[in-house]
Amino acid sequence: MTPAAPSFQLLPGAAGSPVILHVPHSAREIPAEVRAGIVLDDGALERELDHITDAHTARIAEEAARLAGVTPWRFVNRLSRLVVDPERFPDEREEMRAVGMGAVYTRTTHGEVLRGDGLDPAPLVERYFRPYADAMTGAVRERLAAVGRAVVVDVHSYPTERLPYELHGEGPRPPVCLGTDSFHTPPELLAAARKAFAEIGDTGLDGPFAGTYVPLEYYGREPRVSALMVEIRRDTYMTEPGGPAGAGLPRLASALAALVDAVS
């Protein structure tokens with residue numbers, strides 16, 4: 001399971017594009033030295049990766065970039081979120097620590113032990129989390145310098161049936177859930193997303209997943225950085241859990257491209 005690619009990659013878009021499609025959870029790769037600290041056997045680990053990975057979201061973003069009139073930038077995590085989750089707070093601010101799923105997971109989607117007691121997360125945070133955060137911050141900084149604004153669109157997926165780790169999984173599970181931030185998600189960005197994904201089906205707002213990703217350097221401080229999370233229900237484009245993509249993927253890529261064009 002040693003990765004053949006860098007741990008993350010910034011794929012260039014048009015010089016005048018403000019959009020960064022952020023794909024943090026699409027990969028399954030785990031470096032050998034990280035695998036050694038995970039207590040699951042190989043079969044159990046593969047099953048966990050089926051549940052926790054936002055499968056094919058990198059492909060959705062790639063297809064959307066190809067279809068868009070103004071090519072967006074793409075920032076893609078090449079390692080599994082079981083290495084580190086780059087979207088978590090690395091400290092006590094992170095509410096998912098309550099279920100063992102902070103920046104470094106210690107429990108699985110079903111509450112089983114992933115890493116043994118006494119884990120020191122600091123080496124993984126320093127080796128993987130901080131370089132990722134720094135690079136994403138740099139990508140946003142470059143868009144601000146180039147075009148005066150940045151639009152971060154988080155591309156995620158979520159299962160049709162609620163998994164035990166979900167803290168806020170009660171209620172409807174629409175085909176597309178849009179996660180927002182009161183400071184960084186302007187009404188026009190939300191409206192553009194609702195219009196773009198209308199052909200996929202109903203869009204939910206901040207449920208079952210809420211919030212969006214903004215580098216901490218800009219979070220709550222820089223209004224020129226706008227952000228939106230797009231959570232796609234997996235049965236709309238793939239066989240669950242962890243199976244192949246299906247006929248729905250091109251429709252989702254087209255909808256995402258329409259959103260990119262609307263905000264570019």
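Reply: The model is a predicted one. At 1.5 Å a residue, the 26 residues of α4 should span 38 Å, and the end C-alpha atoms of α4 are 36 Å apart, which agrees.

Me: Where in α4 does a kink lie?

Reply: The kink, of about 35°, is at Phe-129, shortly before the proline Pro-131. Just after α4, Gly-148 adopts a positive phi of about 85°.

Me: How does one read the pattern of buried residues along a helix?

Reply: An α-helix has 3.6 residues a turn, so residues three or four places apart point the same way. In α4 the buried residues include Leu-124, Val-125, Tyr-128, Phe-129, Tyr-132 and Met-136. Among the elements that cover the buried residues of α4 are β1, β3 and β7.

Me: Is Arg-88 buried or exposed?

Reply: A residue counts as buried under 20% relative accessible area. Arg-88 has 14% and is therefore buried. Arg-88 belongs to the loop between β3 and α4, and its side chain reaches the backbone oxygen of Met-101 at 2.9 Å. Phe-129, where α4 kinks, is among the residues that Arg-88 touches.

Me: Which residues form one aromatic cluster?

Reply: The cluster consists of Phe-8, Phe-75 and Tyr-132, of which Tyr-132 is buried in α4. There are 4 aromatic pairs. One of them is the stacked pair of Phe-8 and Phe-75, with 5.5 Å centre to centre and 15° between the planes. This pair links strand β1 to strand β3, its members being 67 residues apart.

Notes
Residues are numbered from 1 along each chain as its sequence is written. This is a predicted model: local features need pLDDT of at least 70, side-chain atom pairs count only at pLDDT 80 or more; totals for chains, interfaces and linings use all residues. Side-chain values use heavy atoms; hydrogens and water are left out. Helices (H or I, at least four residues) and strands (E, at least two) are DSSP runs, numbered from the N terminus. Buried means under 20% relative accessible area, exposed over 50%, partly exposed in between (1.4 Å probe, protein chains only). A polar contact is a pair of N or O atoms within 3.5 Å; within protein, one must be able to donate a hydrogen and the other to accept it, and residues adjacent in sequence count only if both atoms are side-chain atoms. Contact means heavy atoms within 4.5 Å. The expected span of a helix is 1.5 Å times one less than its number of residues. The bend at a residue is the angle between axes fitted to the seven residues ending there and the seven starting there. Rings of Phe, Tyr and Trp (its six-membered ring) pair if their centres lie within 6.5 Å; planes under 30 degrees apart count as stacked, over 60 as edge-to-face and the rest as tilted.
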